[in-house]
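Work through the exercises below with the structure open beside you, and try each task before reading its solution.

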Amino acid sequence: MVHLTDVSRRDPWAPEATSRELMVSLWYPAQPSGGPRAPYLTPTESELLLKHAGITGLPFDVLSTTRTNAVTDATPIECRHDLPLVVLSPSFTKPCATLTALAEDLASHGYVVAGIEHTYESVATTFPDGRVTTCRAREVRQRGHAFWERLTASRAADVSFVLDALTGTHPQSPGARLIDPSRIAMAGHSVGGASTIAAIVTDSRLRAGIDIDGATHFPISDAGLPRPFLFLGRKGQCSPGGSAAAATWERDWNHLTGWKRWLVVGAPSTPPSPTSRCWPSSAVSTLAPTCRPPVPERFG
């Protein structure tokens with residue numbers, strides 16, 4: 001985990017905060033290691049997430065005992081500035097841990113992955129000093145279009161700041177030294193997917209994007225968006241004409257002037273699974289790694 005502080009802007013959800021603090025998880029191809037596995041969540045995060053979901057039939061710390069495949073503080077492979085980066089943004093109220101399986105799968109195929117914890121937009125975010133922030137954004141009473149446009153614009157700013165930190169002169173993590181700054185993409189689930197539109201419109205470093213099941217809110221200019229983009233969602237709800245969310249995709253479709261696809265999967269009653277091992281790689285095919293991990297199942 002990398003702790004970053006953006007002193008150039010105030011936190012949009014905490015008026016008393018004079019800067020924007022973020023926690024970022026990095027997954028990357030790593031040297032073989034016998035180090036400890038990274039936890040899925042802390043006990044406090046597990047408890048807050050289960051209580052938020054109304055799940056009471058399990059021990060509240062159960063998600064802190066869930067096994068992952070990543071090793072904490074693993075040593076990166078020798079592949080300096082050669083690997084593409086995929087930025088991940090989770091759904092509203094959910095921690096980035098919900099995208100762990102997707103992140104681990106990408107890392108096992110030679111990508112660096114940065115999962116952003118958007119502070120005060122998740123039920124629990126833990127900082128190095130022990131603080132645990134909760135989802136203060138949920139306290140906003142009117143959560144209409146203006147709220148979601150504000151949130152996605154804030155997430156786009158988070159992404160740009162994280163890219164500055166990871167690809168600048170002094171990378172904020174050993175794994176960041178693997179990143180090829182000319183090959184960066186973003187994907188997100190729900191409002192994280194909607195934020196991908198906002199981020200790719202405002203930051204030209206993002207060369208491709210994927211929106212998983214997210215109604216969009218950030219406008220694309222009449223000039224269009226020429227970079228590759230994929231809409232991915234459940235059949236029915238995200239099928240053309242299927243819902244208000246699908247209507248936003250229809251609105252944006254004609255503004256996507258580069259490679260584009262609209263993919264629906266599963267039965268109408270089947271919820272989407274952003275953490276599944278099915279990854280629509282065609283949207284980021286131009287970012288394909290040139291240096292593959294020697295042991296695909298080991299990564300940080």
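Contact means heavy atoms within 4.5 Å. The model used in these exercises is predicted.

**Exercise 1.** Work out which elements cover the buried residues of helix H4, and why H4 counts as largely enclosed.

*Solution.* Begin with the helix itself: H4 spans residues 191-202 and has 12 residues, and the 17 Å from its first C-alpha to its last is close to the 16 Å expected at 1.5 Å a residue. Next, apply the cut-off for burial, which is under 20% relative accessible area. The residues of H4 that are buried include Val191, Ile197 and Ile200. Because 10 of the 12 residues of H4 are buried, the helix is largely enclosed by the rest of the structure. Finally, look for what covers these buried residues, and you will find S3, H3, S7, S8 and S9 among the covering elements.

**Exercise 2.** Trace the order of the strands in the open sheet, and identify its edge strands.

*Solution.* Follow the 8 strands in the order S1-S2-S4-S3-S7-S8-S9-S10, noting that the pairing is mixed. The edge strands are S1 (2-6) and S10 (260-265), since each pairs on one side only. From one strand to the next, the twist averages 20°. Now examine the pairing of S10 with S9 (residues 229-234), which is parallel and runs over 6 bridges; here Arg234 stands opposite Val265 in S10.

**Exercise 3.** Find the strands that helix H5 lies across.

*Solution.* Locate residues 244-253, which form H5, and see that this helix lies across S8, S9 and S10, running at about 160° to S10.

Methods: Residues numbered from 1 in each chain as written. Predicted model: local features only at pLDDT ≥ 70, side-chain atom pairs only at ≥ 80, totals over all residues. Heavy atoms only, no water. Pairing = 2+ DSSP bridges. Helix = DSSP H or I, 4+ residues; strand = E, 2+ residues; numbered from the N terminus. Axes fitted to C-alpha atoms, helices over the stretch in contact; angles between N-to-C directions. Expected span 1.5 Å × (residues − 1). Buried < 20%, exposed > 50% of the residue type's maximum accessible area, 1.4 Å probe, protein only.
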